Amino acid sequence: MIEKFRDWSDCDGNLDNAAFSRDEILANISLYWFTRTVASSMRIYWETRARPLAFPHGTEIEVPLAVALFPKELPMPPRSWVERVFRNVRRWTTMPCGGHFAAFEQPGLLAQDLIAFASELKFSRPAGACSAGKSRRPE
């Protein structure tokens, strides 16, 4: 796991330059070790390596989408490719720093972008929903 922190974060291959401390890395690794969840956390990487995500021709997804591109993140297709399937790209933010572990490395930048995206959405109450209900769907 340390290899992934080194290779996938914005530290130029040296964890001494990382946005997180060695204690934070150890705490993160310990969480996976003590709960025995490291295998399940890596399952998505194994599965997509064997069978990459692909959409059938003509697939259109209308759900609002925001993309935060961190410079040291794993490869991301260009926006024009994303927009072929995701027809409602609302935000496309190129971040100044950060990598695959964006929420760990740059929580402030990620939170700002998520808040900005959510604030742009308009929510409507489903027909027949209780006015005191907490359920909301974006338009």
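Predicted model: local features only at pLDDT ≥ 70, side-chain atom pairs only at ≥ 80, totals over all residues.

Visitor: Which helices and strands does the protein chain have, and in what order?

Guide: The protein chain has six helices and four strands. Read from the N terminus, the elements run α-α-α-β-α-β-α-α-β-β.

Visitor: Let us turn to the rings. How many aromatic pairs does the structure hold?

Guide: The structure holds seven aromatic pairs.

Visitor: What makes the pair of Phe-5 and Phe-20 edge-to-face?

Guide: Two values are needed, since a pair of aromatic rings is described by the distance of the centres and the angle of the planes. The ring centres of Phe-5 and Phe-20 are 5.5 Å apart, and a pair needs centres within 6.5 Å. Their planes stand at 70 degrees, and over 60 counts as edge-to-face, so the pair is edge-to-face. Phe-5 lies in helix 1 and Phe-20 in the loop between helix 1 and helix 2 (22-35), so the pair ties together parts that are 15 residues apart in sequence.

Visitor: And why is the pair of Phe-20 and Phe-104 called stacked?

Guide: The centres of Phe-20 and Phe-104 are 4.7 Å apart and the planes are at 10 degrees. Planes under 30 degrees apart count as stacked, so that is the name for this pair. The pair links distant parts of the chain, with Phe-104 in helix 5 (residues 102-105), 84 residues from Phe-20.

Visitor: How do you know whether Phe-20 and Phe-104 are buried or partly exposed?

Guide: Buried means under 20% relative accessible area. Phe-20 has 4%, so Phe-20 counts as buried. Phe-104 has 26%, so Phe-104 is partly exposed. One aromatic cluster takes in Phe-5, Trp-8, Phe-20, Tyr-45, Phe-101 and Phe-104.

Visitor: On to charges. What makes Arg-22 and Asp-16 a salt bridge?

Guide: Side chains of opposite charge can pair when their charged atoms come close. Here the cut-off is a nitrogen to oxygen distance within 4 Å. Arg-22 and Asp-16 meet at 2.8 Å, N to O, so they form a salt bridge. Another is made by Arg-6 and Asp-7, at 3.3 Å. A search of the whole structure finds eight salt bridges.

Visitor: Why are Arg-22 and Asp-16 called exposed?

Guide: Exposed means over 50% relative accessible area. Arg-22 has 57%, so Arg-22 counts as exposed. Asp-16 has 54%, so Asp-16 is exposed too.

Visitor: Where do Asp-113 and Arg-91 lie?

Guide: Their closest N and O atoms are 2.7 Å apart, in a salt bridge. Asp-113 lies in helix 6 (residues 107-120) and Arg-91 in strand 2 (residues 89-94), so the pair ties together parts that are 22 residues apart in sequence. Asp-113 has 7% relative accessibility, so this residue counts as buried. Salt bridges that share partners join Arg-91, Asp-113 and Glu-120 into one network.

Visitor: Which residues make the nonpolar surface patch?

Guide: Met-1, Met-42, Ile-44 and Tyr-45 make the patch, with about 340 Å². A patch residue needs over 30% relative accessible area, and Met-1 has 31%. Met-1 lies in the segment before helix 1 (2-8).

Visitor: Last, what does Pro-71 touch?

Guide: Pro-71 sits in the loop between strand 1 (65-69) and helix 4 (79-85). Leaving out residues up to four places away in sequence, Pro-71 touches Asp-10, Met-95, Pro-96, Cys-97 and Gly-98. Pro-71 and Cys-97 are 26 residues apart in sequence, with their C-alpha atoms 5.9 Å apart in space. At 46% relative accessibility, Pro-71 counts as partly exposed.

Methods. Residues numbered from 1 in each chain as written. Heavy atoms only, no water. Patch = residues over 30% accessible without salt bridge, like charges linked within 9 Å, V, L, I, M, F, W, Y side chains within 5 Å. Areas by Shrake-Rupley, 256 points an atom, 1.4 Å probe, with all protein chains shown as cover. Salt bridge = Lys/Arg side-chain N within 4 Å of Asp/Glu carboxyl O. Helix = DSSP H or I, 4+ residues; strand = E, 2+ residues; numbered from the N terminus. Buried < 20%, exposed > 50% of the residue type's maximum accessible area, 1.4 Å probe, protein only. Phe/Tyr/Trp six-rings, centres within 6.5 Å; stacked < 30°, edge-to-face > 60°. Contact = heavy atoms within 4.5 Å.
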